[in-house]
Amino acid sequence: MKKILSLTLALIMVFALCSVGTAYADNPVVKIGVFEPQSGDNGAGGKQEVLGMQYANVLTPTVEIDGVEYDVELVYADNASSNDKAPTAAQTLISSGVSLVLGSYGSGVSIAASDTFDAAGVPAIGVTCTNPQVTAGCDVYFRICFLDPFQGTVLANFAKNELGASKAYCLAKQGDDYSGGLCNYFIEAFGKENCVYEQFPEGTSDYSTYITNAQNQGCDVFFSPVSTEAAAQIIAKADTQALGMPILAGDTWDSNVILQAAKGTDVKICVTTFYQEGADAEFDAGIKEWINNDATALANNGGNDELAAVTVMGFDAYYVALEALKAAGSTDPADVLEVLPDVSYEGVTGAIAFDDIGDALRDSAFVKECNTETGVWDFVSVATVG
Amino acid sequence: MDALKTTLPYIISGISVGGQYALIAIGYTMVYGILRLINFAHGDVFMVAGLIMVYLAASVPLYVAIPLMILLTVLLGFTIERVAYKPLRTAPRMSVMISAIGVSYLLQNLALYITGGLNKNYPAIPWISDRITLFGMETSRVTVITPFLTILLVVLLVLLINHTKIGMAMRAVSRDFETSQLMGIQINRVISATFIIGTFLAAVGSVLFFTNYPGVVPTSGAMPGLKAFVAAVFGGIGSIPGAVIGAFIIGICESVIKGLDTILIVNGAISEQIGLATFSDAFTFVLLIVILVFKPTGLFGEKSTDKV
Amino acid sequence: MIETKNRKSAWIAFLSVLCFLALVFGLDQLIKPTDKLGMLLIVLQKGSVYALAAVSMNLLNGYTGLFSLGHAGFMLLGAYTYAIFTIPDKNRDAVYQYFDAAIRFSIPEQLSKSMGGFGTALGILIALLLAGLVAAVLAWLIGLPVLRLKSDYLAIATLGFAEIIRAVFQWSKLGPVTNGSNLLKNFARASKFKLEIAGMKLSLSTFVPVLIATVSITLIVLLVNSTYGRAFKAIRDDEVAAEAMGINLARHKMIAFVTSSFFAGIAGATLAMVLSIAQANNFKSAMTYEILLMVVLGGIGSITGSVIGSLLFVAASEWWLRGLDSGKFLGIEAPTVFRNGFRLVVFSVIIMIVVLFFRKGIMGEKELPDLFRKKKKAPEKGEQS
């Protein structure tokens, strides 16, 4: 019996090895790695970010590198929103011979994988990972989004000036660099003595206590830039428990998950984000048509065609990657890494260029409010700091 | 603010969570009483019940979906016992426990595959998920219903165990497995009945739990499952009233600890957050270890209560 | 069996281990991370860490018959101890971005000031040992009350302790030491391990973790083959009889528990080294379950079994079965079936089959050398089919 078992196992492995690496003909292929969560807490957001890249890949499936036409192939690896799965997921991408990597949604996984990319010398472009630690001290990580110190300040100013809040309740997920970092910078800007800061552990299902805490401590704004999964439940609880204060969050909440959860409730929700739907009508129409005609894409977008800002960011990231490949004139990661600091691109979400740490030069964010009657985002203002 | 008014919401939500843990804990305690097996997969069965409901409610009306979900969950519990535990009846206890861990791993991975790793929103059940005002505090109706429903079900269960033939068989088997076999009790039937009752209660518990916390993910069952098991040990394993009381204690403690920072601040005991909420899960295990070390038979010793 | 192993087979075992290490060293130089075989290195790194974790768990569960589920907690202790004491000074503030770091002392860095490259290596070794010691000391403290408990109560109590350890390490008030619940990084990690001899840069990033695991496992094998090991097995087979023969139960159980935790701590430290991050959140009970399944896969009570089991487990889940997740496997394209998560389903079904029908796992209680000895082939009993 044991022999049969071991034989079967051995056979499976041999076949698996053989099945790796069947290439298709025609144009040579350049691979771009997609390092995004497809499952776990940030799975929904990761899928939306990938949608943008896929749409861009449909529009522009080839790229000319050094006079040769290449087919662009997106190679996926699921980092499962988990910091301990991230390094291996990154290594799978590296081993499959990608020229550069896009991602991830969620800062923690990007920080966790930065060492792996660094060791292999494969450049990575962060799409919406906003924590400063992603690029700080890592030579191969770049990003096209704004940073948490900026976003946190914008949100704190908005809470103070527009919402008239004097005491804020901040809720982050334990060990999550995105929500933890953003809360930290929000508190710095808002004033530590006026903030109540709490963290919930992974696997929490009971958010009602945190809402009670906020009410009991007499706060007048509820800041919780957590994953959309937790968000949907927080909104539901805020509604049943009559939270009585506006909820404020960062770019992750700019998603149709939030709109669906908030529709029909009496909770006021404001977010800062990268893109306002309607800013580029032609782009909006194109991507919506694509989403509606592709059943998988529609499911990954949560069942409707409401655009998330991360999708648009994913779209732009793809073109930045193509620009980098063109500029490098080669598919070798080392060459791409060399030219990447000087790459610039005029994207749907605005001009993209990198500073000397590898961060995007961006100085404005959109503030939006959820319209709970119609279930869409209403534009509030464009916010800058300074 | 008045101390009672700030603490009350936590206690009420704790009682509600406790009731939901109690319904899961009964499954643990009954199975342990008969098979001496920590059924690690029980929490995951609870999670699967939630997922079944999500998918059923999308296609059929609720009054069909709820009974059907309970039926399917019971079927799952029955199948797990037949496939994964029955073949190991003569094997060492450790093998069965490993098998239970294996089933738990399988159920979680299946759920991950089917849901694509995404959070599934539990359907809102009318009436019980409505918002109500209780002592000037806003909550949903399910919070109030849970403890009463739990107690009702437990009373029915105790009646079943004390006054029916199968109940008598259960009591006999849990007292002495081999002798009752010799006395002509059909062990396999009794064990199946135990699993059916346990999963039925877990399925009912899942409706209450997920109506209260409406997100189902593959790991949703792991923590409630562990806590329910701790509740069973705390109350004295094998004892149904013990498990229920243990579950209420754990539910209340957990909820109060989550709000302890706030309670202390509002009452002026401390001046800033000290992050005690971090220990809301760990405290359950502290209770467990304390009870195991000082009174391994649990709060209710083996004799005085119904042992299943 | 293994106790009667003569000197000759000991030499054979020693030489084959040396050959294996030499092979790993060679692979480390030949394969670059960007190669297609880059995954092989990752599998060797992670596989060896899990092999050590599995063997140390087997020492307890398989050899002594103490069913403990607290492994992840001890690995956490090891990982944090190692990480905290090897973060270079200049990186400290960046890592502890929300706290004011309390421990500002990197052992490898301090030693390298006086001894250069050798000091760094020595410092890493000291940090590793410290990681093991911290885990062992805590195991001793936990063992005092817990080891008196019966089989499944012991399992649940150790599981509880692991969860408590995890919560303590995530507590924000301990942030200056543990960085709260945030991850630790930038410490001495495998991807940076290099050796420079005569201008040649030699990579050690796979070799070092494999070496640590090999040395540790060898030590466990020596322990198992000593009189202590025989006492452990006697306790497993029959506690009462063992006590009647004059074996001090409490003492031997404690030795097994503390030793197992010591090596779990080292495994945790090596895991941090390989992953280049350490975060309390990753050391959940699911990790203990996975290690337990590796032990079961290899055969409870066989050390080579645990090693083979964990290498297979890691290779299958990280590498060979990846195709099941991405739409193409064995040349079959079926994106609707082979989508995210299918790999783990197939994997858990395989594990259930092993648990139910091949209860002895791959090796049973035998060791690899036993398979080469024809005459003593024991009848395969207790196996169902």
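Which strands of chain A does helix H12 (residues 309-328) of chain A lie across? In this predicted model, H12 of chain A lies across S1, S2, S4 and S5 of chain A. The helix runs at about 25° to S2(A).

These strands belong to an open sheet of six strands in chain A. The strand order is S2-S3-S1-S4-S5-S6, and the pairing is mixed. Strand S2 (62-65) and strand S6 (141-143) of chain A are the edge strands. Each of the two pairs on one side only. On average, neighbouring strands of this sheet are turned by 35° against each other, direction ignored. Within the sheet, strand S1 (residues 29-36) of chain A runs parallel to strand S3 (residues 68-78) of chain A. Eight bridges join S1 and S3 of chain A. A:Glu36 stands opposite A:Asp78 in S3(A). Helix H4 of chain A also packs on this sheet. H4(A) touches S1, strand S4 (100-102), strand S5 (124-126) and S6 of chain A. The direction of H4(A) makes about 135° with that of S6(A).

Chain A holds a further open sheet, formed by seven strands. Here the order is S8-S7-S9-S10-S11-S14-S15, again with mixed pairing. S8 and strand S15 (376-383) of chain A stand at the edges. Each has a single partner strand, so one side of each is left without a neighbour in the sheet. The twist averages 25° from one strand to the next. Strand S7 (residues 168-173) of chain A pairs with S8(A) in the parallel sense, over six bridges. In S8(A), A:Cys195 is the bridge partner of A:Ala168. Helix H6 (residues 177-190) of chain A packs on the sheet. H6(A) touches S7, S8 and strand S9 (221-223) of chain A. Its direction makes about 160° with that of S7(A).

Chain A is divided into two domains. Domain 1 spans 28-146 + 283-354, and domain 2 spans 148-273 + 366-383. Taken over C-alpha atoms, the centres of domain 1 and domain 2 of chain A are 27 Å apart. The contact takes 21 residues from domain 1 of chain A and 19 residues from domain 2 of chain A. On the side of domain 1 that touches domain 2, helix H2 (43-59) and helix H4 (107-120) of chain A each supply at least two residues. The residues of this side divide into six nonpolar, 13 polar and two charged.

Chain A also meets chain B. The contact involves 25 residues of chain A and 31 residues of chain B. At least two residues of the chain A side come from each of H2, strand S8 (195-200), helix H7 (208-216) and helix H8 (228-240) of chain A. The chain A side comprises seven nonpolar, 15 polar and three charged residues.

In chain B, helix H2 (residues 42-59) meets helix H8 (residues 187-212). The axes of H2(B) and H8(B) come within 9 Å and cross at roughly 55°. The two helices are therefore oblique to each other. H2(B) passes H8(B) in a right-handed crossing. H2(B) contributes B:His42, B:Val45, B:Phe46, B:Ala49, B:Gly50 and B:Met53 to the contact. Contact residues of H8(B) include B:Gly198, B:Ala202, B:Gly205 and B:Phe210. The residues of the contact of H2(B) with H8(B) divide into eight nonpolar, six polar and no charged.

Conventions: Residues are numbered from 1 along each chain as its sequence is written. Chains are lettered from A and ligands numbered from 1 in the order in which they are written. This is a predicted model: local features need pLDDT of at least 70, side-chain atom pairs count only at pLDDT 80 or more; totals for chains, interfaces and linings use all residues. Domain bounds come from an automatic or database domain assignment. Two residues are in contact if their C-beta atoms, placed from the backbone, lie within 7 Å. Helices (H or I, at least four residues) and strands (E, at least two) are DSSP runs, numbered from the N terminus. Ala, Val, Leu, Ile, Met, Phe, Trp, Tyr, Cys and Pro count as nonpolar, Asp, Glu, Lys and Arg as charged, and the others, Gly among them, as polar. Two strands pair if DSSP finds at least two bridges between them. Axes are lines fitted to C-alpha atoms, for helices over the stretch in contact, and angles run from 0 to 180 degrees between N-to-C directions. Angles under 35 degrees count as roughly parallel, over 145 as roughly antiparallel, 65 to 115 as roughly perpendicular and the rest as oblique. A crossing is left-handed if the near helix is turned anticlockwise from the far one by less than a right angle, and right-handed if clockwise.
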